[in-house]
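Here are a few notes to go with your first look at this one. Have it open while you read.

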Amino acid sequence: MDIAAANSTTFLLGNAPRGFSGTIQGLHVQAGGSSLSAIELESQLIEMGFVEGARVEILHEGAIRRDPIAVRVDNITIALRRREAMAVVVI
Amino acid sequence: MNAGSIHLALVGAPNSGKTSLFNALTGSRQKVANYPGVTVERKTGAFVTPTGRQISLVDLPGTYSLRGRSPDEEITRDVVLGKFPGEALPDLVLCVADSTNLRLTFRLVLELKRTGRPLMVVLNMFDIAQRRGVSVDLEALSAALGVPVVTSVAVRKGGTAELIRLTDEFAARTRAATADNTWKPLGIAELKALQREADRIIRDTVKMPTKPDSLTTRVDAVVLHPVAGLLILALILFVMFQAVFSWAQPVMEQLSSAFAALGQLVHDTLPSGLLQSFLQDGVISGVGSVIVFLPQIMIIFLFILLLEDFGYMARAAFLMDRIMGGAGLHGRAFIPLLSSFACAIPGIMATRVIDNRRDRLTTILIAPLMTCSARIPVYTLIISAFIPARDVWGWVNLQGLVMFGLYAAGIGSALGVSFVVKFFMWRDYQPAPFMLELPDYKLPRPRSIAIGVYTRAKMFLHRAGTTILSMMVLIWFLASFPQPPAGAEGPAINYSLAAMIGHGLEPLLAPLGFNWQIAVALIPGMAAREVAVAALGTVYAIEGGKEAADQIGQVLADKWSLATALSVLVWFIFAPQCASTLAVIRRETGSARWMIITFVYMFALAYVASLITYNIARALGAA
């Protein structure tokens, strides 16, 4: 599937509320969204288990602007900021 | 290297239990270069197998890949690839995996295979995994990965027997032909391919429960709650500092009277004269006044190690990320900054986990403002001499409260400095990402904690026996020579070199309410802050005789005004009184520039804050 042309049923993990549970459709890293290069950010996300098909659930969010978020990725829990979670396309 | 011995390297993801495996294998036979942050510094150790083979091993910094995105991870990569200067290429790499969380480690294993180093996979914490319903077909797994796989329970006696046996067997074989190194930094596509392969292997050989650890889920519901979580964090820190102050007290009093008795023994046995004065005033009262603080230092390290082993530190970073972000700090800076409460040196070294250079520099710059354990002796001494030990609000010890206030002042100023740095120097940059695994909670293993506290206590005593002892000898010398002329009036110290130096510095420090004795004590205090206490002890002991040595607190209460005492307390919040910290900043930042910046800004803060404190206190009548 072409992630860039994500259709209306997919959205970005960074926009999801606490309690959201879904599946990763893919990664779509936009340049400039983070201080890391797109390749570096994508590599890090993959290393932390954000790969196509992984089950994700937002377990917790921080006190200020509901950021960062704690995400269950299959069987581990990862804390990350919403800014970086914007690179994760979920359904 | 002699024929029988081999060299191992431990590699693994953060939280894989690598450090407890390392502790289980080596026991107390380990060497840490300098103070360790948690697995940040180079840790080496050794053990002997049942067949008598010598094994040396190195515990490498935790990493998810060999990409080396932080200085820390670069060390791991370079050692494994044999590119690290002065570090032996490991004969065997042990890749340690948390058995409840195999995905990320298996991808690392597949990546490590490409380096051509002989490899063995250790499924650690296997007992927890089994209890949670994980079952592994070890033979199939070993075949699929193409490397030997062994299970271990680092926390149980005998839990590493199988690992040691296999290592021994490996070493006994003729050197396994090492494959060629075909490792290259992985592109996105390769990374994904490796992860798919790792997932396929797990699907084929491992049965995983689908449910997350229910205890961790329940605890996190409270601990990571936006409001309750922050309150709990504040409570933990508060209890920690109350404990440092009150639990240690009885032991400290005993140590203190033991040293006083020892000094008295020397006084009674030896004829009075220079040797008696040297041993009693220089060595025993000087070093003794520092060793007394051993219990407090052990308690603070105990707390830090416990929080780390429970898995709470990562949660604290999660809770603090946005709050610290407001001050321009990265969430990951929380762990180095918390370590700095023990000592800024491991704290600054632990900043290697921060991959962004700007975030790392800011953290290094403010780490020395965190109240390190070397300040405890200074604070304790002055607080117990000047602040009454009564309860306020019925249950809070006033002395503990002042202590808490000093810690709070350190934290507050650190956040302020960070904010200023971010605002003026790095206004236009995107914040670096924050990505951190929150491990399942685990019960810390007493033995591992004990080894950690023991290692640090040993280092502190070693320092007391070397740096501090030599400084004390120097101070005694300065305070004793030249001897007063025959028939001179007043205490002998008034004629000494120390008095001359002190009087020379007095004009600079007098506006802060510091007398010349304080000025003298501050100079050796550059070697280590706690030496200032010992130096005051020596100066006043030589001035006032043995009663003064026994009761340094009493002497201070007589000789200083409350305004001076408060001014000295405030001075120690900020002053760059630690040559080793400055040296580490130089080493870690690779330039003298950041060291000089740190020194100048801290000195300026200390001077201004003490000046203000002294004058306000006097205006309020605390003369």
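The points below start with the contact between the chains and then turn to two spots in chain B.

1. Keep in mind that this is a predicted model. With that said, 38 residues of chain B are in contact with 38 residues of chain A. Together the two chains bury about 3500 Å², and 58% of that is on carbon and sulfur atoms. On the chain B side, the residues that lose the most area to chain A are Phe318(B), Arg322(B) and Met435(B), which together make up 21% of what that side buries.

2. Now for the polar side of things. There are 6 salt bridges between chain B and chain A, and one to look up is Arg81(A) with Asp321(B), at 2.7 Å from N to O. The count of residue pairs in polar contact is 8. As for where chain B touches chain A, the elements giving two or more residues are α3, α7, α8, α13 and β12 of chain B. By class, that side has 19 nonpolar, 8 polar and 11 charged residues.

3. Next, have a look at helix α17 of chain B, residues 375-386. At 1.5 Å a residue its 12 residues should span 16 Å, and the end C-alpha atoms are 17 Å apart, so the two agree. The helix is mostly covered, with 10 of its 12 residues buried; among them are Pro377(B), Tyr379(B) and Phe386(B).

4. Last, is Ser152(B) buried or exposed? It sits in the loop between β8 and α6 of chain B. Its relative accessible area is 1%, and under 20% counts as buried, so Ser152(B) is buried. Leaving aside residues up to four places away in sequence, Ser152(B) touches residues including Leu21(B), Met125(B), Phe126(B) and Gly159(B).

Definitions and conventions. Residues numbered from 1 in each chain as written. Chains lettered and ligands numbered in written order. Predicted model: local features only at pLDDT ≥ 70, side-chain atom pairs only at ≥ 80, totals over all residues. Heavy atoms only, no water. Helix = DSSP H or I, 4+ residues; strand = E, 2+ residues; numbered from the N terminus. Expected span 1.5 Å × (residues − 1). Buried < 20%, exposed > 50% of the residue type's maximum accessible area, 1.4 Å probe, protein only. Contact = heavy atoms within 4.5 Å. Buried area = accessible area lost by both parts, 1.4 Å probe. Salt bridge = Lys/Arg side-chain N within 4 Å of Asp/Glu carboxyl O. Polar contact = N/O pair within 3.5 Å; in protein donor to acceptor, adjacent residues only side chain to side chain. Nonpolar A, V, L, I, M, F, W, Y, C, P; charged D, E, K, R; others polar.
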